[in-house]
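This report concerns a structure with two topics of interest: how its chains meet, and which side-chain links are found in it. Please consult the sequence and the model shown below while reading.

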Amino acid sequence: MSKRPTITQKQRLTIVNGMLGFVVLILILQLWLFTSTMESYLGGDYVIIWPAVFVSLACVLLNLGLLVYLGRLDHTYDTAEDARYARRTPVDHSQYI
Amino acid sequence: MSRFPDGKPAREQPQWRQDFPIDWPQDQYVSRRDLLKFCVMISAGFVVGQGWIGWLASRATEEPPRKHLAKIDDIEIGDSLLFSYPKESDRCLLVRLDEDEFVAFNQKCTHLTCAVVPEPEKDRFNCPCHNGFFDIRTGRPTAGPPRRPLPQIVLEITDGDIFAVGVDLRAS
């Protein structure tokens, strides 16, 4: 039976940073989409509104997928000791400031 | 507490801070994960906003009414008439440019909805709020911050009477 791959804390941090950058880019895209849709609506051009809604929905589903993956990521640990440590010790956030 | 605001050790803090220790750095800390969740929530908010615009657009399918505005002889060349069309809250301007030339536009500036003022002698509408100008014949912005043209009211002239019969919204 194959062993589930483990990810170190440093690798998790890198993945989270990458996810955050990607999500922010998607958010900027959605902001542009929203302002364009509003401009078109105010100008009486209703053709692009619903396609823009579906594209925005696809973007949010992508973001949700990343969030779900992040949740799964939190359940992988380098070693069993690492998992026990994470459960017992409160996280010292000052190292990330 | 992880860190006191003034940076001094615990024993040098005033009594009230020792009695009510609020760990502000801990309290204000936002992890990357929390930021990610917040961004996804904002993303969902955008979808809701666009869905709302789609709903508004689907409601705007009513036929505009036919409204009598004035008789041709009631308006001199270079004069204008204020009226409401299609709803009472939609204030519009009818301007007589020439013997046979009438134009009508919505009075709301497309920048920030200030009321535009007709200046037929200069062939333009002037928005005094932010110095926006529109061409008096086409309603298209010629200067200033407005980017979209004024919605044009479709006119029909029959037997000396002027009627408003529709609204031509234009994106550009």
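The report treats the interface, the salt bridges, the cysteines and a surface patch in turn.

The model is predicted, with local features requiring a pLDDT of at least 70 and side-chain atom pairs counting only at pLDDT 80 or more, while totals for chains, interfaces and linings use all residues. Residues are numbered from 1 along each chain as its sequence is written, chains are lettered from A and ligands numbered from 1 in the order in which they are written, and side-chain values rest on heavy atoms, with hydrogens and water left out.

**Interface**

Chain A contributes 38 residues to the contact and chain B contributes 28 residues, where contact means heavy atoms within 4.5 Å. Together, chain A and chain B bury about 3,100 Å², of which 72% is on carbon and sulfur atoms. Buried area here is the accessible area (1.4 Å probe) that two parts lose on being put together, summed over both.

One salt bridge is counted between chain A and chain B; the term denotes a side-chain nitrogen of Lys or Arg within 4 Å of a carboxyl oxygen of Asp or Glu.

**Salt bridges**

Over all chains, the structure holds seven salt bridges. One of the pairs crosses between chains, from Glu39(A) in helix H1 (residues 9-42) of chain A to Arg148(B) in the loop between strand S8 (141-143) and strand S9 (152-158) of chain B. Helices (H or I, at least four residues) and strands (E, at least two) are DSSP runs, numbered from the N terminus. The table lists three of the salt bridges.

| Pair | Closest N to O distance |
|---|---|
| Glu101(B) and Arg137(B) | 3.0 Å |

Glu39(A) is partly exposed at 41% relative accessibility, whereas Arg148(B) is buried at 11%. These classes are buried under 20% relative accessible area, exposed over 50%, and partly exposed in between (1.4 Å probe, protein chains only).

Lys71(B) is partly exposed at 43%, and Asp161(B) is buried at 14%.

Glu101(B) forms a salt bridge with Arg137(B). Glu101(B) lies in the loop between strand S3 (91-96) and S4 of chain B and Arg137(B) in the loop between S7 and S8, so the pair ties together parts that are 36 residues apart in sequence. Salt bridges that share partners join Glu101(B), Asp123(B) and Arg137(B) into one network.

**Cysteines**

One disulfide is counted over all chains, under the criterion of a pair of cysteine sulfur atoms within 2.5 Å. Cys114(B) and Cys129(B) form this link, with their sulfur atoms 2.0 Å apart. An angle of -95° about the S-S bond makes the link of Cys114(B) and Cys129(B) left-handed. Cys114(B) is in the loop between strand S4 (102-106) and strand S5 (117-119) of chain B, and Cys129(B) is in the loop between strand S6 (124-127) and strand S7 (132-135), 15 residues apart. Cys114(B) is buried at 17%, whereas Cys129(B) is partly exposed at 41%.

Cys109(B) is in no disulfide, and the nearest cysteine sulfur, that of Cys127(B), is 3.6 Å away. Cys109(B) is buried at 3% relative accessibility.

**Surface patch**

Trp50(A), Phe54(A), Leu57(A), Leu61(A) and Leu64(A) form a nonpolar surface patch with about 500 Å² of accessible area together. Patches are made of residues with over 30% relative accessible area and no salt bridge, like charges being joined within 9 Å and nonpolar side chains (Val, Leu, Ile, Met, Phe, Trp, Tyr) within 5 Å; accessible areas come from the Shrake-Rupley method with a 1.4 Å probe, and for residues only the protein chains shown count as cover. Leu57(A) is in helix H2 (residues 49-73) of chain A and is partly exposed at 37%.
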